[in-house]
Amino acid sequence: MNIKRNLWRLIIFVCMLPSVAWAQGGMSAEEELDSTFTDINEHIELFQEELIQLNALCKFRVDIDMDMPLNEPLLDVVSERLKSLSSALTSFSTRWDTYSAAQQVYIADDDSLLNRVAIIQQMRQAVTDTLALRQQQRDQLVAFSTAEKFIWGQDKNYRQLYKKAIQYSMSPKLAAQLEKVKATEQALTADVNKYYGQAKDAATAFPGLELRMTAMENKVFELQTVSAKIQEMAYKPFIQRVKDYLMGLACVAILLMGLNLLKSKLAQVKQARDQAKKMKEMMKGQHNYPTI
């Protein structure tokens, strides 16, 4: 490579010889070439420093806890910061690509310049990857916020569907309306499950969302319980409804009888244990035994 560089200097020197004519006080070809390489080094160093600063700015943290609201102002701050960093990276890439292309002949002739160019390319890719990760995290926070609002806002809708399902199940003539209610509820549950899945992905990426995710899971379980009841709705004759009601009362009565029986048994066992304990204490307290 040194031979190539010296040859390059010689070619430039010969080409400049007629025009320079060795004017007094003028810069020689070799000095001019050295100045060019020095200038390129300085420019590359400035580009590298700019990229180092940009890389540091991209490593900002987004910490979320239970009490922090995931509202639009907070998400907008993250979005604006990512937008600003993306614009800065685009500006850097445009200027760097233009400059490095213009100096390609000189860069290709110097090992140190080639190494520095390779380092800048690696650093730029690292910044690009970091920004992509931050954008993904921002999208996950938006998805969690959207899921949270949607799921916690479905109580009223499920209550209305449940009331309609009960009304339409009272008569066989309302079977078509009942099926429509069930179809509407199925579509709503599908949306709930979709948003719930997105929220789980976000909670995995942000441990601070764990408690909020647990609360959301409980709410989804409540909605799923109502969903199952709606889907089970069907017309039943009045006599069948009375039988079901009585069967329900009978099940409750049997359960209560079982609990009372168990309670009575436990009380008997406790009483027998206490009596045995008292007898044992009395036997230990006797020191004189009767004799004949």
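Arg134 has its place in helix H5, which covers residues 111–152, where helices are DSSP runs (H or I) of at least four residues and strands (E) are runs of at least two, numbered from the N terminus. This is a predicted model, in which local features need pLDDT of at least 70 and side-chain atom pairs count only at pLDDT 80 or more, while totals for chains, interfaces and linings use all residues. Residues are numbered from 1 along each chain as its sequence is written, and side-chain values use heavy atoms, with hydrogens and water left out.

**Overall make-up**
- The protein contains 9 helices and 0 strands, and its pattern along the sequence reads α-α-α-α-α-α-α-α-α.
- Of its 292 residues, 27% count as buried, a term that means under 20% relative accessible area, with exposed meaning over 50% and partly exposed lying in between (1.4 Å probe, protein chains only).

**Arg134**
- Arg134 counts as buried because its relative accessibility is 13%.
- A polar atom of the Arg134 side chain lies 3.2 Å from the backbone oxygen of Cys58.

**Ala199**
- Ala199 belongs to helix H7 (residues 175–205), and with a relative accessible area of 0% this residue is buried.
- Ala199 and Glu217 stand 18 residues apart along the chain, and their C-alpha atoms are separated by 9.9 Å.

**Glu49**
- Glu49 is found in helix H2 (residues 29–57), and Glu49 counts as partly exposed because its relative accessibility is 40%.

How values were computed:
A polar contact is a pair of N or O atoms within 3.5 Å; within protein, one must be able to donate a hydrogen and the other to accept it, and residues adjacent in sequence count only if both atoms are side-chain atoms.
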